Amino acid sequence: MGVIQFSKVDKVFGPRATGFRALEDINLEIRDKEFMAIVGPSGCGKTTCLRMVAGFEAATDGVVSVDGTPIKRPGPDRAVVFQQFALFPWKSVYDNIDLGLRNQNVGRADREARISAILNLMNLTQYAKHFPHQLSGGMQQRVAIARAYVLDPDVLLMDEPFGALDAQTRVVMQEELVRLARKNPRTVLFITHAVEEAVYLADRVAIMTRAPGRIKEVLDVASIRNAENWDSYEKIEDVMDLESFVHLRTHIWRSLREEKAAQHV
Amino acid sequence: MPRRISIGFATIFVVCIIWFLLTTGLGIIPSGRFPSPAETWSALIHVSGRGYGGGDLAMHVYNSLRLVVMGFLFAIATGVPLGLLMGWSRRAEAVINPIFLIIRPIPPLAWIPLAILWLGLGDAAKIMVIWFSAFVPSVINTYAGVRNIDRPVLEAAYMLGMPKFRFVSEVLVPGASPMIFTGLRLSLQASWTTLVAAELVGAFYGLGRVLNVAQQDLYPGMILVGMIAVAILGWGTTRLLGVAEAWALRWNTAALAAKG
């Protein structure tokens, strides 16, 4: 199971009365095995939402919980993929992926099997002995995704994971993530400011207001995806040309534009 | 032979020629001020064969090297863990930092009189002074190294649920290791400086002792032999450390190369 729940969550950085109000009254439930994307203007606190689920930040008020248990600290049940990859540069690709399993005291044979399966799935087998810096950004992020997925976590937290990649790599990674997520569904919380990415990947998209961030609306993409049969298209650009896709994308764009405009008043 | 190395040998050769010309060849520098190559050679033969200042060259070298290695190892065995602790725990830093602020400005050599007063002219006093001088750069660089570890990398480690000991040995230490090695190199230099100074003040053996006795005997050739011996040992030990560093930081050379 992996149900993420935000109830009445406020986050203030600094003193409660005078500090920076990052989040205000966040109420959101992410269902088990659901892929939820959060989009919002920069500085709206979307990454803070993810960091609270990860256990890196605590809510000032309200509760963030997974399966009803309030989050106290980081843990391997909530695997994180960071924008800057955050691999251990002194460990090989194999050892980076192995570390989490060793921490869970998984037996050697089991570890080897799971790692070689995930390496294979992510097309990393020939890079097992490389150090992260010997790989391109896209390859490094594959390793980071493998490191998260191999833990078989209930919840996968992805903080703008493709933000640091070039456009072509990004598209390939998005297609691979869809493939991975359909084959092996998890509860995913995916932070991005790229609207197309959110619509292409997510079952639902939550749009946030500018700071202090609130949930402005939540769009159901999955029902449209299924009705229009998006998954029958292999290439992202084919999906992006569909009228249903364009419609959703434009809707989100407008919503974000309003926030941007309000920011300048 | 690589070009850089052959150029290096050529430079040393030219310096020796100039040295010869200034002393023996043209007689510009009198031998009472600076020894000629021949005088230096005979001093080397003297100390290697009959011995000088209480022992032969091998004995002096052995003693100096032994003290440096022991002092250095004591210093890093205590300094690196303390630096890790200070880098990791704000509380430990708050407690220890004031002590550091007081002790740091004291030049390590200023501890020599106290060390001799406490421990006499034997090995213990010298190891203590070397320890004091090599300790500080180890601590400070290790501390800075821990503080320099990327925050997301630390967060990735928390996310993976690391047991404490493994967190220290597989994340903190390797993460800080580029700076730790900077600290070790500075510590090693400090060890040699301090050793020679401590032996100059008072010792029964050692290269500092050779220098001290040669000065009293007005024996420039022997002074130069002592200096050259210290230089070679300092270079050799630094070189060994460099080999260890290159091995421990293989991943980092890849990182630096990738950055261009």
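H193(A) is partly exposed, with 16 other C-beta atoms within 10 Å. Here a residue counts as buried if 20 or more other C-beta atoms lie within 10 Å of its own, as exposed if 12 or fewer do, and as partly exposed in between, the C-beta atoms being placed from the backbone. The model is a predicted one, in which local features need pLDDT of at least 70 and side-chain atom pairs count only at pLDDT 80 or more, while totals for chains, interfaces and linings use all residues. Residues are numbered from 1 along each chain as its sequence is written, and chains are lettered from A and ligands numbered from 1 in the order in which they are written.

H193(A) is found in the loop between β8 and α6 (195-201) of chain A. Helices (H or I, at least four residues) and strands (E, at least two) are DSSP runs, numbered from the N terminus. When residues up to four places away in sequence are not counted, H193(A) touches V39(A) and S42(A); two residues are in contact if their C-beta atoms, placed from the backbone, lie within 7 Å. V39(A) lies 154 residues from H193(A) along the chain, and the C-alpha atoms of the two are separated by 5.2 Å.

With 5 of its 5 residues buried, β3 (residues 35-39) of chain A is largely enclosed by the rest of the structure.

β3(A) has its place in an open sheet of 6 strands with mixed pairing, in the order β6-β7-β8-β3-β9-β10 (chain A). Two strands are taken to pair if DSSP finds at least two bridges between them. At the edges of the sheet stand β6 (78-81) and β10 (215-220) of chain A, each with a single partner strand, so one side of each is left without a neighbour in the sheet. From one strand to the next the twist averages 15°. β3(A) pairs in the parallel sense with β8 (residues 187-191) of chain A over 4 bridges, and its pairing with β9 (residues 204-208) of chain A is likewise parallel, over 4 bridges. In β8(A), I191(A) is the bridge partner of I38(A), and V188(A) stands opposite F35(A). On the β9(A) side, I38(A) stands opposite A206(A). Helix α1 (residues 46-54) of chain A lies across β3, β6, β7 (155-159), β8 and β9 of chain A and runs at about 145° to β7(A). Axes are lines fitted to C-alpha atoms, for helices over the stretch in contact, and angles run from 0 to 180 degrees between N-to-C directions.

Chain B has 11 helices and 0 strands. Its C-alpha atoms fill a box of roughly 70 × 50 × 30 Å, taken along the principal axes. Of the 260 residues of chain B, 37% count as buried. Among contacts in chain B with a separation of 6 or more, 74% are accounted for by residues 24 or more positions apart.

Two helix pairs of chain B are described here. The axes of α5 (residues 112-119) and α6 (residues 123-147) of chain B come within 8 Å and cross at roughly 145°. α5(B) passes α6(B) in a right-handed crossing; a crossing is left-handed if the near helix is turned anticlockwise from the far one by less than a right angle, and right-handed if clockwise. I112(B), A115(B), I116(B), W118(B) and L119(B) of α5(B) meet A124(B), A125(B), M128(B) and V129(B) of α6(B). These residues divide into 9 nonpolar, no polar and no charged. Ala, Val, Leu, Ile, Met, Phe, Trp, Tyr, Cys and Pro count as nonpolar, Asp, Glu, Lys and Arg as charged, and the others, Gly among them, as polar.

Helices α9 (residues 207-216) and α10 (residues 220-248) of chain B pack at an angle of about 160°, with their axes 8 Å apart. α9(B) and α10(B) are therefore roughly antiparallel to each other; angles under 35 degrees count as roughly parallel, over 145 as roughly antiparallel, 65 to 115 as roughly perpendicular and the rest as oblique. The crossing of α9(B) past α10(B) is left-handed.

The contact between the chains takes 17 residues from chain B and 19 residues from chain A. On chain B, α7 (151-159), α8 (164-201) and α11 (250-259) each supply at least two residues of the side that touches chain A, and the largest share, 6 residues, comes from α7(B). This side of chain B divides into 14 nonpolar, 1 polar and 2 charged residues.
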